[in-house]
Amino acid sequence: MLGMLLYGLINSAVFMLMAIGFSLTFGISGVANFAYGAFYVTGAYVTWQLINSLGLSFAISIIISAIITGLFGALLYRFVLFRIRGLLLSEIIATFGIGMGMLEFYRSIGLSGHSYKLPTFMDGSLEVLGVYVDYQRVIIVGVAATLVFFLWFFSHHTKMGLAFRGIAQNEHTSLAFGIESEFTAMVSMGMGCCLASLAAVVIIPLSLIQVEEGSNVLILALAVGIVGGMESIAGVILGSLIFGYAQIAVATYFNPHYTVIVMLAAILIVLVIKPSGLFGKFKELEERV
Amino acid sequence: MILSFGKDRESGNIKHRKERLDRGIKARSDTIYALSSYREALYLLFPRAATIIGLLVLPLLLPEYWIKVLVITCVVALLALSWDFIALAGMFSLGQTLFFGVGAYLAGGLNHYVRLSPIFTIPLSTVGGAIFCTILILPVLRLRGIYFAMVTFVLPLLLIRIIEMTGVLGGVEGLSALSPLPNLWVSVYLIIAVFLVCLFGYRRLMDTDYGLILKGIKNNDLAVMSRGINIYLYKAQALLIGSSAAAFAGAFVTHHYRFVGLPAFSMDYTILPIACTVVGGPGTFAGATFGAFVLMPLTELLRAIGTWRVVLYSFFMVVFIILVPEGIFHYLQRKYHQIERLVKTE
């Protein structure tokens, strides 16, 4: 029982890390980044290359790869999405095309197999109230909590963060206050991709770098966002808690195979009851037609 | 004068410019024509007749291998039409493979478990698949914008997992040894016939008042609502009509290959139709057709480069949507409807 609670928490932290970058970008710039999964894999792959080809240490590689991925995202916004901002169809197709292209590119250059793995931060495990948890999982929970606190602080107590929220609430009014919406949107895209990269280097040590992870992460980010509410951080936390515990509960009491059904059912039920997500209040009026 | 054009421009003595004139048969809009002679009627009929006759004659001329390519081209073109139709009603789907896969699995299941022959399974799964998908997506129709794309993207991937994990409908191995269609000729002409019916049917439907409402929902849903029209009903109907074409494609492919499995939900069936529509030009159906008949044979020729194909498609897709959002077809159409001539500038 206690193990279930603990592993549910870890699961939720993993889901939250995966979803938060997507939600950040969407909440601020309104761009649904369907290339998000590809950026997740990019973060891991760049880190792997830095460690194994350039021989840098793990910590430095993480920082450099987060910066590279973030810059890449920002440039993608500046040179691709900037031109089609507001054209929904074009945005969807452009990000989706770029994401698919990147993932298939990694597949083509042979990103598969057991050699592609990242080192853990710390080996060994910890005993918490009679349940063994390895350090990597503890770190995941720690990183997730830190990131949530950081994002809350950032969006409530820094100038940039307040500008982010202004754009998310009303773009025209914030323009009148001298907030550059295009620049802010570019930064939000960069930050979203940067978070994807961070999530990747924390989570991937538990398994391998796989191209399939790209679409898995995207599905999860979308599912969490749809259930929790696309643009609110509270929604992401709630969504990942629901999925995290649901997965563990189903795996313990029924059959691990049924977890996907729970996910599908959760999405459909939430869409029927409250289409803009459980916490999605910001854009409720706009989205509900 | 035309021959001396290059030279003149070099010397700079006489300056010419190109003048483009619409042919004098258009009345007010792009879809209403005022014809005054058989010649003009022929002029309008030619591209339409050329498509029909060309497609009907093509299987007789091609070797067997390329007939199979033609079948797949028509399947992808059908998916592209379906995508284009749903997009015209303001719903941007990233999950053509959902409609395709549901149709495919319904046909496979009906054939494998109930032992129905393809004559019954194909129509049943066309209608059944469309109804199933519409009901599944119904809650999302209340939301605007991005949610439709997200949900249609997520659903097929979750359905794959469910089939994979629980092993229903053949699980990972899929259902094989299903009843085939009688022979290749029946297959190719069946798919061509359905494709032509969809192409011209959708085009016709979009020109009626019903189509006008669908376009209105895309452009300004609030305006349509203020006319007292229930847009959810219309969206659901559009989804039903659009997804039935894709479900048919799925059911057809199941019997064509005598197999249905997890590849029926593969991402290819999403990305290929969208790439075809974007390259050809969204919104006209003819553009989607054109794109499919350019890209699919190209795919076949580029088979050697393997997974790089998808990279190439994605690249095309992104470049076209950003730089040439109208697609190739609009350009060709404009060329066809305009007379170009050189005139002297004063």
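Analyst: Happy to! The crossing of H11(B) and H13(B) is left-handed (the near helix is turned anticlockwise from the far one by less than a right angle; clockwise would be right-handed). H11 covers residues 268-280 of chain B and H13 covers residues 308-323 of chain B; their axes come within 9 Å and cross at roughly 35°. Axes here are lines fitted to C-alpha atoms, for helices over the stretch in contact, with angles from 0 to 180 degrees between N-to-C directions. Helices (H or I, at least four residues) and strands (E, at least two) are DSSP runs, numbered from the N terminus.

This is a predicted model, in which local features need pLDDT of at least 70 and side-chain atom pairs count only at pLDDT 80 or more, while totals for chains, interfaces and linings use all residues. Residues are numbered from 1 along each chain as its sequence is written, and chains are lettered from A and ligands numbered from 1 in the order in which they are written.

Back to the pair: on the H11(B) side, B:Ile271, B:Ile274, B:Ala275, B:Val278 and B:Val279 take part, and they meet B:Val310, B:Tyr313, B:Phe316, B:Met317, B:Phe320 and B:Ile321 of H13(B). Contact means C-beta atoms, placed from the backbone, within 7 Å. These contact residues comprise 11 nonpolar, no polar and no charged ones (Ala, Val, Leu, Ile, Met, Phe, Trp, Tyr, Cys and Pro count as nonpolar, Asp, Glu, Lys and Arg as charged, and the others, Gly among them, as polar).

Mean pLDDT, the predictor's confidence in each residue from 0 to 100, is 86 for chain B, with 94% of its residues at 70 or more. Residues 1-11 of chain B stay under 50, and the model has eight contacts beyond four places in sequence for them. Where pLDDT is low, predicted coordinates should not be read in detail.

H1(A), residues 2-29, packs with H8(A), residues 181-203, at about 175°, their axes 8 Å apart. The two are therefore roughly antiparallel (over 145 degrees; under 35 is roughly parallel, 65 to 115 roughly perpendicular and the rest oblique). Among the residues of H1(A) in this contact are A:Val14, A:Leu17 and A:Ile28, and those of H8(A) include A:Met189, A:Leu195 and A:Val202. Their contact residues split into 16 nonpolar, six polar and no charged.

H1(A) also packs with H9(A), at about 80° and with axes 8 Å apart, so these two helices are roughly perpendicular. Here A:Phe15, A:Met18, A:Ala19, A:Phe22 and A:Ser23 of H1(A) meet A:Val217, A:Leu220, A:Ala221, A:Val224 and A:Gly225 of H9(A). Eight of the contact residues are nonpolar, two are polar and none is charged.

Finally, the two chains touch: 38 residues of chain A are in contact with 36 of chain B. On chain A's side, H3, H4, H9 and H11 of that chain each supply at least two residues, and H4(A) gives the largest share, 15 residues. By class, that side has 26 nonpolar, seven polar and five charged residues. For the complex, the predictor gives an ipTM of 0.83 and a pTM of 0.87.
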